[in-house]
Amino acid sequence: MLSRRLFSLANLRGTIPSDFHFVPDFFSVSEQRTLLSAALERLDTAGSRRFQKRRKNSRSSLNSTAGICEAPLSELFLPDDCYEFLQVSSYFLCIWRRHDNAKFAEGHYDGVIHNYREMHLTSWPTAEFPGLVPALSRLQSVLPSSNIQTHLLHLASDGEILPHVDNVSASGRWILGVSLGSDRILRLESCANPDEVAEILLPSGSIYIQSDTVRYQYKHSILRNSAFANGAGQRMSIMIRVSPSYDRTIPNLISK
Ligand code: OGA
Ligand code: MN
């Protein structure tokens, strides 16, 4: 079961709010490799020619082992300077402004993410990555409802996400995050009581779902690497959100 029962103490500090579900080892290493390679391919293809060239040069000079099955997952990332990371986000505004009412157009989502690149994903490159379909269908089987939006978010080694609640007019009652690459800490903080804090270590291959109470009444953030000794590298997250008004039914818990 995908449930709070699965928290191992090593992954957790504080009291986890209800409606937060976590599986630390949802994806196998080979599934992680496939998902990360496909996500990088999508972002890289959409990126500027200047940085595409930089990546090409870096690959040939590093004689990179990326893509080779035995190479560690972290080697799928090139050095930070091969990516066109944005320093400060206009991420939330860009994607969501068109849905926003005046309340959410004020700009308080701006500046939440630092040192990142992102994209709205409309399709996965399933033809190029044979293992992708089975990995995605396993993920699909734990989604609380259909009609989803998918975003890729690539954090630089020094990237971070400051505390926020995802725009409530742009997506519905649940948000699923897949973590790939460097470990990071997800911090949850009650909006009503800032002393109510939980921190969850998100290893590569883990998934979490925030729904209902935690989705609306807690801020979440992804801490900088300095907060965590082993998290020295880049991280990719696949963020899946239900579209507003398509989230009427949420099963209590979801089977793995
Ligand atoms: C976001 C977000 C968390 C993550 O993109 O809004 O909070 O796990 N991402 O990357
Ligand atoms: Mn968020």
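Helices (H or I, at least four residues) and strands (E, at least two) are taken here as DSSP runs, numbered from the N terminus. The structure is a predicted model, in which local features need pLDDT of at least 70 and side-chain atom pairs count only at pLDDT 80 or more, whereas totals for chains, interfaces and linings use all residues. Side-chain values use heavy atoms, with hydrogens and water left out, while residues are numbered from 1 along each chain as its sequence is written, and chains are lettered from A and ligands numbered from 1 in the order in which they are written.

**The chain as a whole**

- The protein chain contains 5 helices and 11 strands, and of its 256 residues 52% count as buried, where buried means under 20% relative accessible area, exposed over 50%, and partly exposed in between (1.4 Å probe, protein chains only).
- Among the contacts (heavy atoms within 4.5 Å) in the protein chain with a separation of 6 or more, 83% are accounted for by residues 24 or more positions apart.
- The protein chain exposes about 11,900 Å², of which carbon and sulfur atoms supply 52%; accessible areas come from the Shrake-Rupley method with a 1.4 Å probe, and for residues only the protein chains shown count as cover.

- Because histidine 164 belongs to strand 5 (residues 148-164) and histidine 220 to strand 10 (residues 218-222), the pair ties together parts that are 56 residues apart in sequence.
- Histidine 164 and histidine 220 are both buried.

- Ligand 1 has 13 residues around it, of which Tyr208, His220, Arg235, Ser237 and Arg241 come nearest, a residue being near a molecule or strand if one of its heavy atoms lies within 4 Å of it.
- At least two residues of this shell are supplied by each of helix 3 (91-96), strand 5, strand 10 and strand 11 (235-242), and strand 11 gives the largest share, 4 residues.
- By class the shell has 7 nonpolar, 3 polar and 3 charged residues, where Ala, Val, Leu, Ile, Met, Phe, Trp, Tyr, Cys and Pro count as nonpolar, Asp, Glu, Lys and Arg as charged, and the others, Gly among them, as polar.
- An oxygen atom of ligand 1 is 3.2 Å from an N or O atom in the side chain of histidine 164, and for the side chain of histidine 220 the corresponding distance from a ligand oxygen is 2.9 Å.
- In the side chain of arginine 235, an N or O atom is 2.9 Å from an oxygen atom of ligand 1.
- Taken alone ligand 1 exposes 290 Å², and the protein buries 100% of that.

**Individual residues**

- Aspartate 19, found in the loop between strand 1 (12-14) and strand 2 (20-23), has a positive phi of about 70 degrees although it is not a glycine.
- Asparagine 115, in strand 4 (residues 113-121), likewise is a residue other than glycine with a positive phi, near 60 degrees, and is buried at a relative accessible area of 16%.
- Aspartate 212 has its place in helix 5 (residues 212-217) and counts as partly exposed at 22% relative accessibility, while its C-alpha atom is separated by 6.6 Å from that of tryptophan 174, 38 residues apart along the chain.
- Not counting residues up to four places away in sequence, valine 197 touches Arg13, Gly14, Thr15, Arg187, Leu188 and Glu189.
- Glutamine 234, in the loop between strand 10 and strand 11, is buried with a relative accessible area of 6%, and its side chain reaches the backbone oxygen of leucine 78 at 2.8 Å.

Note on methods: A polar contact is a pair of N or O atoms within 3.5 Å; within protein, one must be able to donate a hydrogen and the other to accept it, and residues adjacent in sequence count only if both atoms are side-chain atoms.
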